[in-house]
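Work through the exercises below with the coordinates open. Try each task before reading its solution.

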Amino acid sequence: MFLGIDLGTTEVKVLLLCENHSVKAIKRYALSIQRPQPLWSEQEPHEWWEAVCTLLDQYAVEMPSVMADIKAIGLSGQMHGAVVLDAQHQVLRPAILWNDGRSSQECHELKERVPNIEQLSGNLVMPGFTAPKLCWLKRHEPALFKKIAKVLLPKDYLRYCLSGDIVTDCSDASGTLWIDVQQRAWSETLFKGCDLTIDHMPRLIESNEASGMLHPYLAKRWGIKNEVIIAGGAGDNAASAIGIGAIQPGQGFVSLGTSGVIFICNDHYRPNPAAAIHAFCHALPNRWHQMSVMLSAASSLSWVSRLTGQKDESEALGLAATLSPKRRHLAPLFLPYLSGERTPHNNPHAQGLFFGLTHQHEAADLIYSVIEGVSFGLLDGLQGLKDPSSTLTLSLVGGGTRSSLWAQLIADTLNLPLATRSGSEAAGALGAARLARIAQGGNIEQTCLPMPVLERFEPDTQQQSILTDRYDRFKSLYGANLPYFASFANQ
């Protein structure tokens, strides 16, 4: 058996993978997010560990023979978060998360201190990345900053709890702005911009390498008989690609989670910071990936579902599906920037907007506007990713996979065929378990098998002209409102 632990933003998943590649079980534990001030987003690391222990304690009671056979553990996690430890490896403050936008000023100063930071890191300097968060701590919590001995990414805090090892992997480290992504190595030049050194960093390994061993007392607690390897693991999207089986150039996925992601595998390093595209190490050696990220995807749907009084997102999508094609084309336009935006705008002050509301519009129109606006946000990202000569094979994962309306809308908007896949809602946890299997000696190609296709969605050419016209107006709305975002955000 192989165990995959996926630390998401809203929940922890723990998955058990059998030797024959089948998933034995999945358990989930909900997490909360604290937003003590505008633009802030934080979580308590001890709650992550409590979640993992709760789920594994349950497995130990319910499936003792299965737990006894675990050979290796893999980790997947939300990227970019800053977990800061003192010299005794105690957590100094709540973790600052990937969708925290407080450090925009520090981003500007970081670029002044390290003028070639985007060339070295291959990525645009954004508040979501880890380095600006540490610069913010240095300015606003200087006494705490002086106590920092180690900086960990979220999943790597769980690794420390499991094994006592201070380690990260290349895929997750790619989102810190401290790694030379092409060389897959820490950069002393990039550390200097934050007044840090390599001594503050974890040991850096590949995702499919062993990072250490599970503490014996934890193995005893959970009834595990073997000495258990802990794999390097990966950032959540790279781990999801391993789970889906996207490991070859041109393969990838569209993810509709809290954030919206388009992920494309590459066999070489392809930076494009000017378009706010992320160029990261993939979770396998000598492979990279590009990624566009919008901050509010399925979370926008959750918001409009609450706003319109729907029981849940499924009910909201069902209501939107009742709209006629004409009503969809007359729906308001929606800018999905409820938490600011990364790709392509890199603007933490960007805000959501409905445009074109009339007395005739009802809840169904607003819900449709939101899923269309998220689809247009994904298209913004695709335009910065796609090589016109390339052929892409993309899967659709996340909350949108439960709605054929939204899946078809995304295929039409991107003008790409998409496929939903069985089990993709737990792709990150499965990818983590697969990396554990590889670290324990498994073959990469035989382990990273594609998930079975559930349904295919081909773009409808008849919708192209209508969507293109609405997309052009969507883009113009951002530019027209850009002068007002910052002033409204600072009120």
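This is a predicted model: local features need pLDDT of at least 70, side-chain atom pairs count only at pLDDT 80 or more; totals for chains, interfaces and linings use all residues.

**Exercise 1. The cavity**

Find how many cavities of 30 Å³ or more the structure holds, and sort the lining residues of the largest cavity into nonpolar, polar and charged.

Solution. 
- Step 1: Search the whole structure. One cavity of 30 Å³ or more turns up.
- Step 2: Take its volume. The largest cavity comes to about 50 Å³.
- Step 3: List the lining. The residues are Thr130, Val151, Leu152, Leu153, Thr168, Thr176, Trp178, Trp186, Met201 and Pro202.
- Step 4: Sort them. Seven are nonpolar, three are polar and none is charged.

**Exercise 2. An Arg–Asp pair**

Determine how far apart the closest N and O atoms of Arg221 and Asp57 are, and classify Arg221 as buried, partly exposed or exposed.

Solution. 
- Step 1: Check the distance. Arg221 and Asp57 form a salt bridge, with 2.7 Å between the closest N and O atoms.
- Step 2: Arg221 lies in helix 10 (residues 216–221) and Asp57 in helix 1 (residues 45–62), so the pair links distant parts of the chain, 164 residues apart.
- Step 3: Apply the cut-offs. Buried means under 20% relative accessible area, and exposed means over 50%.
- Step 4: Classify. Arg221, at 43%, is partly exposed. Asp57, at 27%, is partly exposed too.

**Exercise 3. Two further pairs**

Are the partners in the salt bridges Asp172 to Lys155 and Arg184 to Glu206 buried or exposed?

Solution. 
- Step 1: Take Asp172 and Lys155. Their closest N and O atoms are 3.0 Å apart. Asp172 sits in helix 8 (residues 170–173) and Lys155 in helix 7 (residues 154–163), 17 residues apart. Both Asp172 and Lys155 are buried.
- Step 2: Take Arg184 and Glu206. Their N to O distance is 2.9 Å. Arg184 is in the loop between strand 10 (179–180) and strand 11 (185–186), while Glu206 is in the loop between strand 12 (203–205) and strand 13 (210–213). Arg184 and Glu206 are buried as well.
- Step 3: Look for shared partners. Salt bridges join Glu42, Arg93, Asp100, Arg102 and Glu141 into one network.
- Step 4: Count. The total is 23 salt bridges.

**Exercise 4. Helix 16**

How many residues of helix 16 are buried, and which residue follows the helix?

Solution. 
- Step 1: Count. Helix 16 (residues 404–414) has nine of its eleven residues buried, so by the 20% cut-off it is mostly covered.
- Step 2: Name some. Among the buried residues are Trp406, Ile410 and Asp412.
- Step 3: Step past the end. Asn415 follows helix 16, with a positive phi near 55 degrees.

Conventions. Residues are numbered from 1 along each chain as its sequence is written. Side-chain values use heavy atoms; hydrogens and water are left out. On a 1 Å grid over the protein atoms alone, a cavity is a set of points where a 1.4 Å probe fits but cannot get out, and a pocket is an open set with protein on both sides within 12 Å along at least five of seven lines; lining residues have an atom within 4 Å of a point. Grid points are joined across faces, edges and corners, and a volume is the space filled by probe spheres set on the points. Ala, Val, Leu, Ile, Met, Phe, Trp, Tyr, Cys and Pro count as nonpolar, Asp, Glu, Lys and Arg as charged, and the others, Gly among them, as polar. Buried means under 20% relative accessible area, exposed over 50%, partly exposed in between (1.4 Å probe, protein chains only). Helices (H or I, at least four residues) and strands (E, at least two) are DSSP runs, numbered from the N terminus. A salt bridge is a side-chain nitrogen of Lys or Arg within 4 Å of a carboxyl oxygen of Asp or Glu.
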